[in-house]
Amino acid sequence: MKILSTNDQRALDAAYEQAQKSLSEGGIPIGSSLMNPQGEIVAAGHNGRVQSGDPTAHAETVCIRNAGRRRDWHTLTLASTLSPCAMCTGTAILHRIPRVIIGEHKTFLGREDWLKGEEVEVVLVNDPRCIALMERFIAERPDLLALRAVRRPTRLLRGSSGAGPGTARQAP
């Protein structure tokens with residue numbers, strides 16, 4: 001496990017509290033927080049896909065939405081209990097968040113490569129609490145995780161592959 005500064009630990013702890021909140025609501029236990037350079041948590045959020053029925057209600061996206069309109073995105077640190085998916089990575093990049101703390105990526109490896117490619121500082125913690133929380137959830141509720149952690153999503157191809165114009169087929 002990586003040793004964090006006091007402020008970074010505070011951000012990850014806030015994200016973990018959000019993950020526990022989601023779990024207590026019957027949702028997927030992923031949490032996120034945003035911290036300013038002074039170490040203050042300026043926003044937090046948790047995965048709400050199950051609770052709200054909103055497929056975009058991922059923890060990082062909800063956290064950023066909760067932060068409201070800001071001009072200081074480029075100074076903030078995003079903390080997440082789980083490696084951010086493509087949507088959440090894109091949201092962080094769009095808002096020019098320069099630093100992301102990741103609790104764990106053992107149960108799901110998101111788009112850390114994209115973050116690094118955009119020169120975002122990625123701090124991987126391998127926090128045992130985050131790993132245990134997701135492993136327990138995956139074991140107890142695989143029905144809710146028939147998503148990204150289980151298998152790669154099917155891509156659709158169009159056009160000259162024999163499927164004909166305007167039709168789709170599954171990628172190999």
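A residue is buried when its relative accessible area is under 20%. In this predicted model, helix 4 spans residues 86-94, and its buried residues are Cys88, Thr89, Thr91, Ala92 and Ile93. The cover over these buried residues includes helix 3 (59-67), strand 3 (77-80) and helix 5 (112-117). Arginine 96 follows helix 4 and has a positive phi, near 60 degrees.

Cysteine 88 is buried, at 1% relative accessibility. Cysteine 85 is also buried, with a relative accessible area of 8%. The cut-off for a disulfide is within 2.5 Å. A search of the whole structure gives zero disulfides.

Five strands form an open, mixed sheet in the order 2-1-3-4-5. Strand 2 (41-46) and strand 5 (121-124) are the edge strands, each pairing on one side only. From one strand to the next, the twist averages 15 degrees. Strand 3 pairs with strand 4 (residues 99-102) in the parallel sense, over four bridges. Alanine 79 stands opposite isoleucine 101 of strand 4. Helix 1 (residues 6-24) packs on the sheet and touches strand 1 (31-35), strand 2, strand 3 and strand 4. The direction of helix 1 makes about 145 degrees with that of strand 1.

Definitions and conventions. Residues are numbered from 1 along each chain as its sequence is written. This is a predicted model: local features need pLDDT of at least 70, side-chain atom pairs count only at pLDDT 80 or more; totals for chains, interfaces and linings use all residues. Side-chain values use heavy atoms; hydrogens and water are left out. Buried means under 20% relative accessible area, exposed over 50%, partly exposed in between (1.4 Å probe, protein chains only). Helices (H or I, at least four residues) and strands (E, at least two) are DSSP runs, numbered from the N terminus. Contact means heavy atoms within 4.5 Å. Two strands pair if DSSP finds at least two bridges between them. Axes are lines fitted to C-alpha atoms, for helices over the stretch in contact, and angles run from 0 to 180 degrees between N-to-C directions.
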